[in-house]
Amino acid sequence: MGQSRRKAQPYHLLWSVSDESLLAAMGSGDSEAAAAFLRRFQARVFGLALTVVRDRGTAEEVAQETFVRAWRHAAAYDSRRGRVSTWLLSITRNLAVDRIRTKRAQPIDPEVLMSMELPSTEPDPERAGMDAHESVRVHRALRTLPAEQRQALLLAAFYGRTAREIAELEDVPIGTVKTRIRTAMIKLRSQLEVTDDR
Amino acid sequence: MTDRPDCEEIRELAPELALGTVSGDERAQAMEHLAGCPQCRAVVQEMSDVSDELLLAAPALEPPVGFESRMMERYRFGHRKKPRRVAMILAAAAVLLAAGAGGTYLAVRSDIHFADHYRHVFAAAQGEYFASSPLYSGDRPLGQAFAYQGSPSWVFVVLDGANTAHRYNVKLVTRNGREIPLGTFSRTPGTTSWGRALPVDLRSVWTVRLTPDTGPTLEAEFRHQ
């Protein structure tokens, strides 16, 4: 992968290492870094996979494949294109959507997703890479959307449903669905920018 | 959408492009437009950022007991030493050029001409590099995939005689794990190769996957700096 093999670090020190450094070390074959990376992100990856596929066995398969891809492609990760956490979750989401499309599973009502317990506002130090503040911020922004916009957006974002599929599901014109998704995305962009303190 | 979507159409479509819910031809046409339009690319990128952030809304849930140990076992197995798969064709020419700068010009003159020739080839299609990677079925190499980063970028696959399937479905897997259908081809006694222009930048491609009508999948991995 073009990176020198790093000397293994004491396990406890790895929690303070940035997501990017951990990913790079994992990609170069550092098993201590791989273990730390796994512990930092596994709950988020598994949680997203289970949200989409709704079956623990399938969710574990998706989570495993996510981490395999992460370490295989760690060297190609480009921090200019997004944070490690969102990069990893987008891999999870795509793999999970592929699974439900193959199995033709019906997605759950996205309102169920919204009613799930919000993460603690106190970040868990063992998951520093998946800052709980970020989840709370996104949940709050989603709650400001009208229900029909949120519904359409979550069906597309989490379950990979196309505008046509959502239109059939909701029994509304496809143009209405496209407008709902577009309006919701623009509102969210504005909301997340306003509160973005990164 | 018309054959050649304009900026307004692309920006209308930007949220769905970012969410990955646009399929087939429409996506390929949009990608073609985006390749030459930095303004629209910026709009889609903004929407992609929102789409990525949305995923943080999913709850964090502990995986089943033993998940970590199973993963670490796979990790250690996967990091056993194995030969590097991707060979950059120009690397050899670059090394020879460096040697030429050291005073052995005569010895490497033909190689300098070789590299110069490639510079002309790249200039013809805004090219940046060529790459090649073996097509593996498991650990067995059964062909070769060649790729070019330029305008357009393209991929060309060559199968060896050990492949017995007749029809192959070709897909790209991008760095984000997204699968993009590239097409299908039938293998006849006189045909062992197939190529196509890429709807995305070669740098975003990690794997070229061939799924035959019978037999195991073939994969070529591309990793780029």
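Modeller: Chain B has six helices and eight strands, where helices (H or I, at least four residues) and strands (E, at least two) are DSSP runs numbered from the N terminus. This is a predicted model, in which local features need pLDDT of at least 70 and side-chain atom pairs count only at pLDDT 80 or more, while totals for chains, interfaces and linings use all residues. Residues are numbered from 1 along each chain as its sequence is written, and chains are lettered from A and ligands numbered from 1 in the order in which they are written.

Biologist: Why are α1(B) and α3(B) called roughly parallel?

Modeller: The axes of α1 (residues 7-19) and α3 (residues 38-54) of chain B cross at roughly 25° and come within 8 Å. Axes are lines fitted to C-alpha atoms, for helices over the stretch in contact, and angles run from 0 to 180 degrees between N-to-C directions. Angles under 35 degrees count as roughly parallel, over 145 as roughly antiparallel, 65 to 115 as roughly perpendicular and the rest as oblique, so α1(B) is roughly parallel to α3(B).

Biologist: Which residues of α2(A) and α4(B) meet?

Modeller: On the α2(A) side they include Leu38(A) and Arg39(A), and on the α4(B) side Met71(B) and Tyr75(B). Two residues are in contact if their C-beta atoms, placed from the backbone, lie within 7 Å. By class, this contact has seven nonpolar, two polar and three charged residues; Ala, Val, Leu, Ile, Met, Phe, Trp, Tyr, Cys and Pro count as nonpolar, Asp, Glu, Lys and Arg as charged, and the others, Gly among them, as polar.

Biologist: How many residues do the two chains bring to their contact?

Modeller: Chain B brings 40 residues, which are in contact with 57 residues of chain A. The largest share of the chain B side, eight residues, comes from α3(B).

Biologist: What makes Asp171(A) exposed?

Modeller: A residue is buried if 20 or more other C-beta atoms lie within 10 Å of its own, exposed if 12 or fewer, and partly exposed in between, with C-beta atoms placed from the backbone. Asp171(A) has 6 such neighbours, so it counts as exposed. Asp171(A) lies in the loop between α8 (163-170) and α9 (174-194) of chain A, and its phi is near 60°, a positive value in a residue other than glycine.

Biologist: What makes a set of residues a nonpolar core?

Modeller: Its members are buried Ala, Val, Leu, Ile, Met, Phe, Trp, Tyr and Cys residues joined through C-beta atoms within 7 Å. In the largest core, of 74 residues, Met26(A), Phe37(A), Ala49(A) and Val52(A) touch the most other members. Helix α2 (residues 31-53) of chain A gives the largest share, 14 residues. A second, separate core of 22 residues includes Tyr148(B) and Leu172(B).
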